[in-house]
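Open the model in your viewer and keep the selection panel at hand. This tour goes stop by stop.

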Amino acid sequence: MIDVSLLGWLLVTLTSPLALVLLLVALGSVAYLGVTALEAAPRRRGARAVGTGAAACALAAGMVGLRVGAGAGATVPTAAVGIAAAAAIGATAACAWTFGARAAAALGAARARRSAAALRAGDERRRLLAASQRAYAEGDDLAAETAAADDAVARLRAAVGSLAGAHAALEAKRAGAQDAPPSEERPEASGLAEDLARACDEAALKLSMGQRVLAAAEAAALRIACNAPLRRLLRRRPREATQALATLGAGALAPAAASIEAFLGEVRAARAEVVEIAERRAPGAPGAVDGATGPEGAEGPAALALRELTAMESAYGALLERLRLAELHASARASVEQVESAAGALSATARAAAIDPAAIGALVTEIARAESAVAAAAPEAGGSRALAETLAAGSVALDRSDTTSLAELIAALRELR
């Protein structure tokens, strides 16, 4: 029995020397496979250092704490197992470093590709959404709807024209049959005349129905074309401006006014477009333009669309006028606030620059003392009495806040010298 222990911990017990040899062969095989794999794989920077360091650490640990067998004969198998294990651990560590780095790089590249694909998909979705929103605001679907209606009316008009041609041909044939010289009455001729008359009547009925359908289709196409500018304006109305007025207050007055003014320009352009559509599609028809009269004109598609546009223009025009008035009020309020601020600053400065009566009194006292000293040095007749009267007058004026200025008091004192 051969015990294999590391730092006193029993790792495995080998039953015979053959098992020890097989252990050495297994460790050597691991080292060989690791080196072979490293040679076949692309070189990775740092793999050699990692493998060498791991092998050195394993060899040091084996020399310190590895023990294979017991007694004096355990040195050789211990060294053999330590070297084989160090080689296997070094090769395994180098392989783990190389292939782990490759796997991490592959995972990173895949993650980068997925992120790039997600970004591209997001950009594409945003682009498509922006394009659809722009097309919706510009009314591309309304233009397509109007074009489809026009195509349907054109096909229907062509069909009615063909039916009118067939009816005219039948009528011509019927007239020719009636104008023919009389001949012997035959039953087949009488039956043919009856069939021709019946066909003419059916063609006339179908032509009348087709003309009615064509008139209704043209009215529907006109209604679609006249309503398209109004529907487009309803999509492009300045929602953001009105919502900003409700949430932001006075700070949104100018942007909202600009948006509404631009929208009013679009409303006027839509009015001109409706008038042009009505004149082009139904020239001379009642209700085609603004000056139409009569019950049909009052209820025509163009008249109804123009009435809606007029109401919209009136509403937004009134709102724009109120916004301009509110903007003027806000400007006046700001000007008043500026005036108040300037007046407050000037008042504070004036209060700070006001002359202190105590300082004036101290100045007068100092001047009086100086004049007294001068009078004592060079006394004059009546000087003391005049000085006293002047000082008394100055003190009384200061005590009752008289309008006598400091300059006048000092001038009076100077006259006493």
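Partly exposed means a relative accessible area between the buried limit, under 20%, and the exposed limit, over 50%. Keep in mind that this is a predicted model.

**Stop 1: the sheet.** Select the three strands. They form an open sheet in the order β2-β1-β3, with antiparallel pairing. β2 and β3 (66-68) are the edge strands; each has a single partner, so one side of each has no neighbour in the sheet. From one strand to the next, the twist averages 15 degrees. Now show β1 (residues 2-6) with β3: three bridges join this antiparallel pair. Within it, L6 stands opposite L66 of β3.

**Stop 2: the nonpolar patch.** Switch to a surface view. Select L6, L7, W9, L11, V12, L59, M63, V64 and I83; together they form a nonpolar surface patch with about 980 Å² of accessible area. Which elements give two or more residues to the patch? They are β2 (9-14) and α2 (47-65). Pick M63, in helix α2. Its relative accessibility is 67%, so M63 counts as exposed.

**Stop 3: salt bridges.** The structure holds 13 of them. Start with E138 and R236, whose closest N and O atoms are 3.3 Å apart. E138 lies in helix α3 (residues 75-138) and R236 in helix α5 (residues 187-236), so this pair ties together parts 98 residues apart in sequence. Both ends are partly exposed: E138 has a relative accessible area of 43%, and R236 has 29%.

Next, select E145 and R231. Their side chains meet in a salt bridge at 3.4 Å, N to O. E145 sits in helix α4 (residues 140-179) and R231 in helix α5, so parts 86 residues apart in sequence are tied together. E145 is partly exposed at 34% relative accessibility, as is R231 at 33%.

Last pair: E273 and R232. The closest N and O atoms of this salt bridge are 2.8 Å apart. E273 is in helix α7 (residues 253-281) and R232 in helix α5, 41 residues apart. Buried or partly exposed: which is E273? At 30% relative accessibility, E273 counts as partly exposed, because that value lies between the 20% and 50% limits.

To finish, select E138, R236 and E266. Salt bridges with shared partners join these residues into one network.

Terms used: Residues numbered from 1 in each chain as written. Predicted model: local features only at pLDDT ≥ 70, side-chain atom pairs only at ≥ 80, totals over all residues. Heavy atoms only, no water. Patch = residues over 30% accessible without salt bridge, like charges linked within 9 Å, V, L, I, M, F, W, Y side chains within 5 Å. Areas by Shrake-Rupley, 256 points an atom, 1.4 Å probe, with all protein chains shown as cover. Salt bridge = Lys/Arg side-chain N within 4 Å of Asp/Glu carboxyl O. Helix = DSSP H or I, 4+ residues; strand = E, 2+ residues; numbered from the N terminus. Buried < 20%, exposed > 50% of the residue type's maximum accessible area, 1.4 Å probe, protein only. Pairing = 2+ DSSP bridges. Axes fitted to C-alpha atoms, helices over the stretch in contact; angles between N-to-C directions.
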